[in-house]
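The sequence and the structure are shown first, and the notes follow by topic.

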Amino acid sequence: MSTKSDLNGPSRLINHFNGRHVSNQGSRWCALWQSNESDLWDRGKPSPPLIELVEKRGDIIQSRSDNGRRKKALVPVRSCHGCGRGYDVVMLAQHGFDAYGLEISTDAIAAAEAYSTSEMDAPSAYNFARAGRDSPGTAGGVTFLQGDFFQRDWELATPLEGDAKFDLIYDYTFLCALLPETRKSWATRMGDLLKPDGLLICLEFPLYKDPKLPGPPWGLKGIHWDLLARGGSGLLDHGVLEEESSTSLEGQFLRVLHIKPGVSYENGKGTDMLSVWGKKS
């Protein structure tokens, strides 16, 4: 699904955020929801690469632990895709996870709750790579939380009961929406929110865009590796560096999977990569 935004040049999003201080980023995303401009980034369906990963790679990802506990998944976002209208949150719940969407905009929360109410009762075919859920009653729960990813107040929300540690976290267009100087905090926060054996899944986008060009979205070629494996700042002041073995690097994550998905959004222009990261023990 195409959007209004032209990622190769000036766009409504870039102009909207141009020159804004980091402290104003959240309110600027909220303003876009209030002005009914979510179609600047809305993809209209859950992430096809994530669906394929969940359904086909049971050796890596399962919705239940060995003791039968339903695993918790988080989709954090600042009014970009992901939680936004709740597409990936609902899809993960349809595949057995207790899924949580974290959103800074109250308008986005209302839209996501309306979407999930109807979608959980009668899921659309686009939630699955194969036909339908396994069997009635296998779906997990859906919960939307209002808060800032970088703050801790939402972790005390009643649905979480103080246990804001997740088995799975998914990022598609959250990192690329953030100012570059906040990328290091993004990586640190991801580590804080994941359980020791949890997985961070990233649909890396946009990889075709020069990281030096203005955003959002900001080009991310080489950024995930630098942040998560190398433990860098994610600014790549000296250009994109060659990848090396992550076991000897200072980052808090090891990459366990890095693939070019068989299907993704048109916006990625065929360059999207899917990466799965585990925390170092």
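Lys269 is partly exposed, with a relative accessible area of 47%; here, buried means under 20% relative accessible area, exposed over 50%, and partly exposed in between, computed with a 1.4 Å probe on protein chains only. The model is predicted, so local features need pLDDT of at least 70 and side-chain atom pairs count only at pLDDT 80 or more, whereas totals for chains, interfaces and linings use all residues. Residues are numbered from 1 along each chain as its sequence is written, and side-chain values use heavy atoms, with hydrogens and water left out.

**Backbone features**

- Lys269 has a positive phi of about 55° although it is not a glycine.
- The position of Lys269 is the loop between strand 6 and strand 7; helices (H or I, at least four residues) and strands (E, at least two) are DSSP runs, numbered from the N terminus.
- A cis peptide bond, with omega near -10°, leads from Phe205 to Pro206, and Pro206 is placed in the loop between strand 5 and helix 7.
- The bond from Pro216 to Pro217 is likewise cis, with omega near -10°, and Pro217 lies in the loop between strand 5 and helix 7.

**Aromatic pairs**

- A search of the whole structure finds eight aromatic pairs; rings of Phe, Tyr and Trp (its six-membered ring) pair if their centres lie within 6.5 Å, and planes under 30 degrees apart count as stacked, over 60 as edge-to-face and the rest as tilted.
- Tyr87 and Tyr115 make an edge-to-face pair, with 5.0 Å from centre to centre and 75° between the planes.
- This pair links distant parts of the chain, with Tyr87 in helix 4 (residues 87-94) and Tyr115 in helix 5 (residues 106-121), 28 residues apart.
- Both Tyr87 and Tyr115 are buried.
- Phe150 and Phe174 form a tilted pair, at 6.4 Å centre to centre and 40° between the planes.
- Distant parts of the chain are linked here too: Phe150 is in the loop between strand 3 (142-146) and strand 4 (166-171), and Phe174 in the loop between strand 4 and helix 6 (183-193), 24 residues apart.
- Phe150 is partly exposed at 23% relative accessible area, whereas Phe174, at 1%, counts as buried.
- One aromatic cluster is formed by Phe149, Phe150 and Phe174.

**Charges over rings**

- The charged end of Lys72 sits over the ring of Phe166, 5.1 Å from its centre; the criterion is NZ of Lys or CZ of Arg within 6 Å of the ring centre and within 35 degrees of the ring normal.
- Arg189 lies over the face of Phe149, 5.9 Å from the ring centre.

**Salt bridges**

- The count comes to eleven salt bridges, each being a side-chain nitrogen of Lys or Arg within 4 Å of a carboxyl oxygen of Asp or Glu.
- Arg57 and Asp59 are joined by a salt bridge whose closest N and O atoms are 2.7 Å apart; Arg57 is partly exposed at 28% relative accessibility, and Asp59 is exposed at 55%.
- Arg70 and Asp98 meet in a salt bridge of 3.9 Å, N to O.
- The Arg70 and Asp98 pair links distant parts of the chain, from the loop between helix 3 (48-56) and strand 1 to strand 2 (residues 98-103), 28 residues apart.
- Arg70 is buried at 18% relative accessible area, while Asp98 is partly exposed at 24%.
- In the salt bridge of Arg230 with Asp226, the closest N and O atoms are 3.3 Å apart; Arg230 is buried at 16%, and Asp226 is buried at 5%.
- Salt bridges that share partners join Arg69, Asp167 and Lys195 into one network.

- Helix 5 has 16 residues and reaches 23 Å from its first C-alpha to its last, close to the 22 Å expected at 1.5 Å a residue; the expected span is 1.5 Å times one less than the number of residues.
- The buried residues of helix 5 are Ala108, Ile109, Ala111, Ala112, Tyr115, Ser116, Glu119 and Met120.
- The face of helix 5 turned away from its buried side carries the exposed residues Thr106, Ala114, Thr117 and Asp121.
- Buried residues in helix 6 include Arg183, Trp186, Arg189 and Met190.
- Among the elements covering the buried residues of helix 6 are strand 1 (72-77), strand 5 (194-204) and helix 7 (223-229), where contact means heavy atoms within 4.5 Å.
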